[in-house]
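Have the sequence and the structure open while I talk, and click along as we go.

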Amino acid sequence: MVITMEKIQDTFDPKPRKFIVWLFVVSSTIMFGGFTSYYLVFAASKGKGHGLILPDAFIYSSMVILASSVTLFLAARALKKLNFSLQRNLLWVTVILAIAFGVMQFNAWGSMVRTGATLVGNNAAISFIYVVSGMHLLHIIAGVGFIINALIGSYKHIPAAKSQYRMEIASIFWHFIDILWIYLYVFLLLNR
């Protein structure tokens with residue numbers, strides 16, 4: 001019996017793959033929850049937090065990542081309306097905003113180093129800022145991969161189910177790392 005490509009494409013079931021992404025989201029939530037719990041215990045035992053005024057680049061990067069979530073949401077809506085050109089443009093804008101977020105994170109780290117707040121020093125609470133923002137930046141890179149996968153799908157003539165799946169996966173992961181960054185930024189602001 002020969003299975004044609006159409007039959008394989010017709011039987012595409014995204015549920016198991018979405019489940020894997022949701023597992024990754026849950027495990028990342030647990031990991032960052034562990035980081036912040038450690039920080040709270042550490043700060044309580046030392047009687048102090050990181051003691052820094054966070055760089056302005058962190059607030060600007062927060063605005064950029066929020067804007068990227070909006071553009072990704074609009075790209076998903078454009079796909080549902082079958083406006084592929086608008087979807088592509090919005091996905092490109094999302095990628096550009098993601099790169100801008102990464103650049104702003106490096107600028108924030110540079111600003112911290114210039115004030116004497118180094119990764120390796122005598123204050124582990126300051127090192128924590130580098131660790132959580134660096135781990136978040138790794139998640140941003142993974143998220144950009146999902147967005148680029150959706151972007152490539154928008155240029156190919158793939159079945160609608162696969163195109164929708166790519167967009168949904170990118171949206172789930174990207175909105176998660178957006179919310180995660182807002183949580184981390186607010187956590188750092190409140191635990192100085």
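So, start by clicking on Ile140. Leaving out residues up to four places away in sequence, Ile140 touches Ile65, Ala98, Phe101, Trp174 and Ile177. Keep in mind that this is a predicted model.

Now zoom out from that one side chain. The largest nonpolar core has 53 residues, and Ile140 is among the members that touch the most other members, along with Phe58, Leu91, Met112, Met167 and Trp174. The top contributor is α6, with 15 residues. As a general point, nonpolar side chains in soluble globular proteins tend to be buried together.

For the overall layout, the protein has six helices and zero strands. If you take the contacts with a separation of 6 or more, 82% are between residues 24 or more positions apart.

Gln105 lies in helix α4. Is Gln105 buried or exposed? Gln105 is buried, because its relative accessibility is 0% and the cut-off for buried is under 20%. And what does Gln105 touch, not counting residues up to four places away in sequence? The list is Phe58, Ser61, Ser133, Leu137 and Trp181.

Skipping residues up to four places away in sequence, Ser154 touches Gln87 and Arg88.

Okay, charges. How many salt bridges does the structure hold? One. Glu168 pairs with Lys18, and their closest N and O atoms are 2.1 Å apart. Glu168 sits in helix α6 and Lys18 in helix α2, so this pair ties together parts that are 150 residues apart in sequence. Both partners are partly exposed: Glu168 has 27% relative accessibility, and Lys18 has a relative accessible area of 22%.

Let's finish on the outside. The accessible surface of the protein comes to about 10,600 Å², and 70% of that belongs to carbon and sulfur atoms. One spot to look at is a nonpolar surface patch formed by Ile59, Tyr60 and Met63, with about 290 Å² of accessible area together. Take Ile59, which lies in helix α3. Ile59 is partly exposed, at 32% relative accessible area. While we're on helices, residues three or four places apart in an α-helix point the same way, because there are 3.6 residues a turn.

And a last word on α3 itself. This helix has 25 residues and reaches 37 Å from its first C-alpha to its last, close to the 36 Å expected at 1.5 Å a residue. After α3 comes Leu82, and the phi of Leu82 is positive, near 60°.

That's my tour, so over to you.

Key: Residues are numbered from 1 along each chain as its sequence is written. This is a predicted model: local features need pLDDT of at least 70, side-chain atom pairs count only at pLDDT 80 or more; totals for chains, interfaces and linings use all residues. Side-chain values use heavy atoms; hydrogens and water are left out. A nonpolar core is a set of buried Ala, Val, Leu, Ile, Met, Phe, Trp, Tyr and Cys residues joined through side-chain atoms within 4.5 Å. Buried means under 20% relative accessible area, exposed over 50%, partly exposed in between (1.4 Å probe, protein chains only). Helices (H or I, at least four residues) and strands (E, at least two) are DSSP runs, numbered from the N terminus. Contact means heavy atoms within 4.5 Å. A salt bridge is a side-chain nitrogen of Lys or Arg within 4 Å of a carboxyl oxygen of Asp or Glu. Patches are made of residues with over 30% relative accessible area and no salt bridge: like charges are joined within 9 Å, nonpolar side chains (Val, Leu, Ile, Met, Phe, Trp, Tyr) within 5 Å. Accessible areas come from the Shrake-Rupley method with a 1.4 Å probe; for residues, only the protein chains shown count as cover. The expected span of a helix is 1.5 Å times one less than its number of residues.
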